[in-house]
Amino acid sequence: MHSYIELGDGIITSDPGYLIIENFARRFGAKVTSVHIYNKECSYKLTPKLARDNIDEKTKIISLIDPLNPLGSSYTKDEIKEFAKIAEERDLYLLHDITYRDFAKKHYLVAKHAPERTLTIYSFSKICGMAGLRIGAVVTVPEMMEPLKAVIINDLGTNALSQIGAIKALKTKKKWIKRVREHTYENQKIIKKAVDEVEGSFIPVYPSNANMMAIDIYNTGVFPDDLTECFLKRKIFVRQGSYTSRFYGDRYIRLSFSIPKEQVEVFAENFIDLMGSLKKLKGKLIHPLRSCQKETILYHFPAAESPARFGRVSTPFNYRQFFLLGTPLHRIGYCIH
Ligand SMILES: Cc1ncc(COP(=O)(O)O)c(C=O)c1O
């Protein structure tokens with residue numbers, strides 16, 4: 001991103017979305033236009049029309065996370081072609097983040113239609129289950145790759161274990177991809193059934209094209225932070241909405257489901273149970289985290305402070321004070337703020 005953005009350039013992203021991308025952009029002095037997409041009129045995604053409406057003379061990049069973290073919305077072939085057209089017409093770059101592509105039943109690459117304007121980015125963390133190994137890829141034409149080389153920060157290279165694993169995963173993918181995809185689709189059905197049983201909750205994008213979905217609980221009166229905290233006490237990890245949204249974080253939780261069926265069933269059971277008890281409290285449960293939400297967001301979102309990712313993990317320290325700087329497996333460290 002550093003190679004393509006200069007001070008004052010614009011980038012269009014979505015909210016909800018994978019906020020780390022816009023955090024990076026801000027770090028390089030970009031003006032971020034985070035388009036609100038949490039509504040069914042736009043099918044919970046940054047549509048070509050919304051992108052057009054938000055382009056101005058400073059816009060340099062449109063960031064398409066497809067399928068979208070957290071909602072699992074994805075693009076049709078026509079929409080993808082339209083984005084390619086926009087990039088050509090308005091002299092823009094498209095950052096096509098296809099990290100969750102392999103979970104989608106159908107998926108289309110914008111690079112096919114606008115190769116000279118597209119940076120396709122991919123992580124091995126999700127479908128290959130290699131999150132701790134820190135390996136991903138950028139695919140683009142040689143001319144677009146050239147400026148990227150100038151800002152490579154990983155001088156010592158990616159470790160050999162990750163590279164061997166990633167190559168093996170690519171070579172064997174055909175053998176297991178269908179099974180993983182079908183399995184995650186089946187898991188979604190279990191979750192949907194549980195969500196349908198809780199009045200006031202719904203899944204905005206169903207089925208999701210990723211291995212995650214949002215579950216909207218706004219009309220139940222239950223706060224996502226309270227729910228995620230209660231889940232955590234039962235050793236079930238889900239994300240509160242504010243992890244992927246600055247504007248709609250009070251509406252939903254995000255759930256990942258590329259896990260064994262039995263674990264999804266445990267989630268389903270506990271979702272019904274917890275929502276039942278929390279609804280009875282009618283929002284009276286004020287979790288300490290909720291009162292410091294603003295502060296948390298301040299630390300989490302503006303550019304520079306958080307070098308890698310904000311971790312919410314079990315520590316003797318206060319949640320707000322803990323920044324996880326590295327990643328699991330290797331290169332780990334922390335700082336107490
Ligand atoms: C859309 C998207 N892109 C990229 C990444 C980065 O993946 P990694 O954990 O491999 O850095 C994530 C991780 O959650 C993501 O959701």
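Strand β8 (residues 239-240) is joined to strand β9 by two bridges, and the two strands run antiparallel; strands are DSSP runs of E with at least two residues, helices are runs of H or I with at least four, and both are numbered from the N terminus. Strands count as paired if DSSP finds at least two bridges between them. Within this pairing, Q240 has I253 of β9 as its bridge partner. The structure is a predicted model, in which local features need pLDDT of at least 70 and side-chain atom pairs count only at pLDDT 80 or more, while totals for chains, interfaces and linings use all residues. Residues are numbered from 1 along each chain as its sequence is written.

Strand β9 is also joined to strand β7 (residues 212-216), by five bridges in an antiparallel arrangement. Here A214 stands opposite R254 of β9. Four of the five residues of β9 (residues 252-256) are buried, so this strand is largely enclosed by the rest of the structure. A residue is buried if 20 or more other C-beta atoms, placed from the backbone, lie within 10 Å of its own.

Helix α6 (residues 224-233) packs against helix α7 (residues 261-280) at an angle of about 130°, with the axes 11 Å apart. Axes are lines fitted to C-alpha atoms over the stretch in contact, and angles run from 0 to 180 degrees between N-to-C directions. The two helices are therefore oblique to each other, a class that holds the angles left over when those under 35 degrees (roughly parallel), over 145 (roughly antiparallel) and 65 to 115 (roughly perpendicular) are set aside. In the contact, D226, L227, C230 and F231 of α6 meet N270, L274 and L278 of α7, contact requiring C-beta atoms, placed from the backbone, within 7 Å.

Conventions. Two residues are in contact if their C-beta atoms, placed from the backbone, lie within 7 Å. A residue is buried if 20 or more other C-beta atoms lie within 10 Å of its own, exposed if 12 or fewer, and partly exposed in between; C-beta atoms are placed from the backbone.
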